[in-house]
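Trainee: I am new to this structure and would like to go through some of its contacts. Could we begin by looking at it?

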Amino acid sequence: MIMGSVKNEPKITAGIMERENEVAGHLDGYFRGDGFGPVSGRFSAKAELGMVVLSDETHREIFRSPLIRLTALEGTKARSGQTFTLFNVTIGNRFHWERKEDQTFRGDLILRPCDDKTIVAINEIPIENYLTSVISSEMSGDAPVEFLKAHAILSRSWLLAVLGGRKKTEETSIRTGKIPEKEGEAIRWYGQEDHDLFDVCADDHCQRYQGIAKIVSQQAKEAVRETRGIVITYLDEICDARYSKVCGGITEDFDTAWDDKRVPYLKNISDASIFHQPIKTEEEAAVWILSEPEAYCNTKDERLLKNILPDLDRKTKDFFRWKVEYSRQELEEILREKSGFDFGTLKEIVPIRRGPSGRISRLKIVGSKRNMVVGKELEIRRWLSRSHLYSSAFVVAVEAGRFTFHGAGWGHGVGLCQIGAAVMATRGFSAEEILKHYFRGVEIKKIY
Ligand SMILES: [Zn+2]
Ligand SMILES: [Zn+2]
């Protein structure tokens with residue numbers, strides 16, 4: 001997004017419930033819609049022939065329209081503020097820990113039909129309110145302050161880039177893609193596909209957003225407030241800033257994870273106070289991955305790790321360098337299940353192309369029944385694990401019918417390295433210094 005096009009704090013639409021037969025909830029305070037109101041209390045809504053039908057708690061119809069927007073009335077002093085609650089919101093969609101809970105929101109409630117039978121509930125709020133919710137519910141208050149500020153600036157930039165990207169979808173880099181299928185090749189990448197009816201979903205697919213009740217960290221809230229309107233820019237464009245958990249010592253180039261283009265501020269850097277040479281050959285990759293180089297993200301500080309990665313319920317805490325082992329038969333089974341192809345007896349796993357952090361973007365899998373080249377980094381991680389491998393920066397050793405993966409880092413490794421950034425903050429670097437370390441050639445500007 002061009003900087004000049006944002007003058008005031010923009011609003012963002014977040015899809016909270018999608019493809020539901022019915023949406024039910026509670027308006028805490030008085031709300032009005034275009035053509036009706038004020039309304040308050042319990043409500044429910046359904047789709048009927050392309051219309052949304054809004055009803056009160058006695059199931060009496062209040063209004064019907066192709067789009068219903070409920071806005072809190074100014075000046076009503078409901079005790080809970082001007083909020084609304086949605087019942088039975090599914091969280092953890094697409095993941096195995098899916099469950100439902102009631103969630104409370106500020107801002108407008110927009111109801112639209114998805115098709116003739118189902119309905120979508122959207123929350124429209126100013127971007128700073130949205131960021132406060134996302135950052136403060138995902139980041140522990142014990143995380144270093146300059147790290148929280150850097151993250152707030154980064155997330156704000158990413159969001160504004162998403163909003164800008166929706167207006168020029170052909171050029172945007174945030175789409176999912178696929179190289180036209182060739183015999184024996186499966187090269188795919190997964191971006192932030194555009195949602196049709198709103199800007200972002202409330203899931204991990206975009207950023208986890210659970211309304212206003214989940215604010216757990218006052219410090220994160222402060223970090224958003226103190227950086228209000230501040231973004232990362234490159235040649236007067238707001239940066240499509242990315243981040244991952246642990247780069248492994250060198251960050252990755254954009255095109256190892258997504259489409260084949262160069263993004264100048266998403267280029268590899270040495271994530272250390274010393275210079276590490278980008279990986280070029282298989283020999284260099286093996287030396288790099290099998291060593292423990294000095295790097296900001298090479299830390300064993302468990303308290304810090306836990307504060308930055310709250311979903312740290314994993315067995316291993318070694319993400320900087322890790323190891324996963326399979327028997328041949330086990331890996332054959334995983335491959336068959338995850339790729340949909342039967343490779344027969346698995347013979348070899350051969351890296352064809354690596355990025356500067358050692359992450360593989362094209363990998364050849366050789367079996368008795370077929371050979372295939374798979375990419376890019378996320379698809380490789382998907383194919384070689386029941387869930388996901390930590391990263392595609394690995395070397396494989398085959399011995400006595402066992403495949404041993406030695407790897408480096410967690411995530412795609414592009415952009416800011418969360419653990420590295422947190423460690424930098426504890427060593428006295430400011431938010432601005434941290435951002436300029438990971439995103440080279442950028443400026444930090446306040447745009448509203
Ligand atoms: Zn999404
Ligand atoms: Zn790192």
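This is a predicted model: local features need pLDDT of at least 70, side-chain atom pairs count only at pLDDT 80 or more; totals for chains, interfaces and linings use all residues.

Mentor: Residues are numbered from 1 along each chain as its sequence is written, chains are lettered from A and ligands numbered from 1 in the order in which they are written, and side-chain values use heavy atoms, with hydrogens and water left out.

Trainee: How many salt bridges does a search of the whole structure find?

Mentor: Side chains of opposite charge can pair when their charged atoms come close. A salt bridge is a side-chain nitrogen of Lys or Arg within 4 Å of a carboxyl oxygen of Asp or Glu. Searching the whole structure gives 28.

Trainee: Which residues are linked with Glu61 in a network of salt bridges?

Mentor: Glu61 and Arg64 form a salt bridge through their side chains, at 2.9 Å from N to O. Glu61 is partly exposed at 40% relative accessibility, where buried means under 20% relative accessible area, exposed over 50% and partly exposed in between (1.4 Å probe, protein chains only). The network joins Glu61 with Glu48 and Arg64.

Trainee: Which parts does the salt bridge of Arg156 and Glu128 tie together?

Mentor: The closest N and O atoms of Arg156 and Glu128 are 2.8 Å apart. Arg156 is buried at 0% relative accessible area, and Glu128 is buried at 5%. Helices (H or I, at least four residues) and strands (E, at least two) are DSSP runs, numbered from the N terminus. Glu128 lies in one helix and Arg156 in another, so the pair ties together parts 28 residues apart in sequence: α1 (residues 127–138) and α2 (residues 145–165).

Trainee: What is the site of the zinc ion (ligand 2), given the angles among its four donor atoms?

Mentor: Donors are N, O and S atoms within 2.8 Å of the metal (3.2 Å for Na, K and Ca), and water is not among the atoms, so sites may look incomplete. The protein donors here are Cys247 (SG), Asp271 (OD), Cys297 (SG) and Cys417 (SG), 2.1 to 2.3 Å from the zinc ion. Four donors count as tetrahedral if all angles lie between 85 and 135 degrees. With angles of 103 to 118°, the site is tetrahedral.

Key
Four donors count as tetrahedral if all angles lie between 85 and 135 degrees; four count as square planar and six as octahedral if opposite donors are over 155 degrees apart and all others between 65 and 115; anything else is irregular.
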